[in-house]
Amino acid sequence: MKVKEWCMYCGECAGVCPRGLIEVREINLIFDEDGCKDCQICIKACPVRALEKEE
Ligand code: SF4
Ligand code: SF4
């Protein structure tokens, strides 16, 4: 997952991931990419569109 520089670290995306794969650590988002099922719920939940799928 690519995190844009305007991410506010609000934790919204972390709160909606059904698998709990996103962790907000101060000014970092930690993704457990291995378990990601690409549902993109986190991308849709971000109020400022700061998440982008990495190709
Ligand atoms: S919801 Fe968006 S702004 Fe908030 S922590 Fe996630 S990526 Fe950053
Ligand atoms: S795409 Fe779905 S499974 Fe992957 S991190 Fe986002 S919410 Fe979690």
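Before the first slide, one term: a residue is near a molecule if one of its heavy atoms lies within 4 Å of it. Keep in mind that this is a predicted model.

Let's start with ligand 1. It has 13 residues around it. Cys7, Cys10, Gly11, Cys13 and Cys46 come nearest. By class, that shell holds eleven nonpolar residues, one polar and one charged. As for the site, ligand 1 sits in the second largest cavity.

Now ligand 2. Which cavity holds ligand 2? The largest one. Its surroundings are Cys17, Pro18, Leu21, Ile22, Cys36, Lys37, Asp38, Cys39, Gln40 and Cys42. Seven of the shell residues are nonpolar, one is polar and two are charged.

Hold on to Gln40 from that shell. Gln40 is not a glycine, yet its phi is positive, about 65 degrees. You will find Gln40 in the loop between β3 and α2.

Glu26 has phi near 50 degrees, and Glu26 is not a glycine either. Glu26 lies in the loop between β2, residues 22–25, and β3. The relative accessible area of Glu26 is 73%. The cut-off for exposed is over 50%, so Glu26 is exposed.

Next, the core. In soluble globular proteins, nonpolar side chains tend to be buried together. Here, the largest nonpolar core has 13 residues. Met1, Cys13, Ile22, Leu29, Phe31, Cys42 and Leu51 have the most contacts inside it. Two elements, β3 at 28–31 and α2 at 41–45, each give two or more residues to this core.

Cys13 is among the residues that come nearest to ligand 1. Ile22 and Cys42 are among those that surround ligand 2.

What does Leu51 touch, leaving out residues up to four places away in sequence? Met1, Lys2, Val3, Cys13, Leu29, Phe31, Cys42 and Ile43.

Last stop, Glu54. Glu54 is in the segment after β4, residues 51–52. Its relative accessibility is 46%, so Glu54 counts as partly exposed. Along the chain, Glu54 and Met1 are 53 residues apart. Their C-alpha atoms are separated by 5.1 Å. With residues up to four places away in sequence left out, Glu54 touches Met1 and Lys2. Leu51 touches Met1 and Lys2 as well.

That's the tour.

Methods. Residues numbered from 1 in each chain as written. Chains lettered and ligands numbered in written order. Predicted model: local features only at pLDDT ≥ 70, side-chain atom pairs only at ≥ 80, totals over all residues. Heavy atoms only, no water. 1 Å grid on protein atoms, 1.4 Å probe; cavity = no way out; pocket = protein on both sides within 12 Å on 5 of 7 lines; lining within 4 Å. Sits in = over half its atoms within 2 Å of the grid points. Nonpolar A, V, L, I, M, F, W, Y, C, P; charged D, E, K, R; others polar. Core = buried A, V, L, I, M, F, W, Y, C linked by side-chain atoms within 4.5 Å. Buried < 20%, exposed > 50% of the residue type's maximum accessible area, 1.4 Å probe, protein only. Helix = DSSP H or I, 4+ residues; strand = E, 2+ residues; numbered from the N terminus. Contact = heavy atoms within 4.5 Å.
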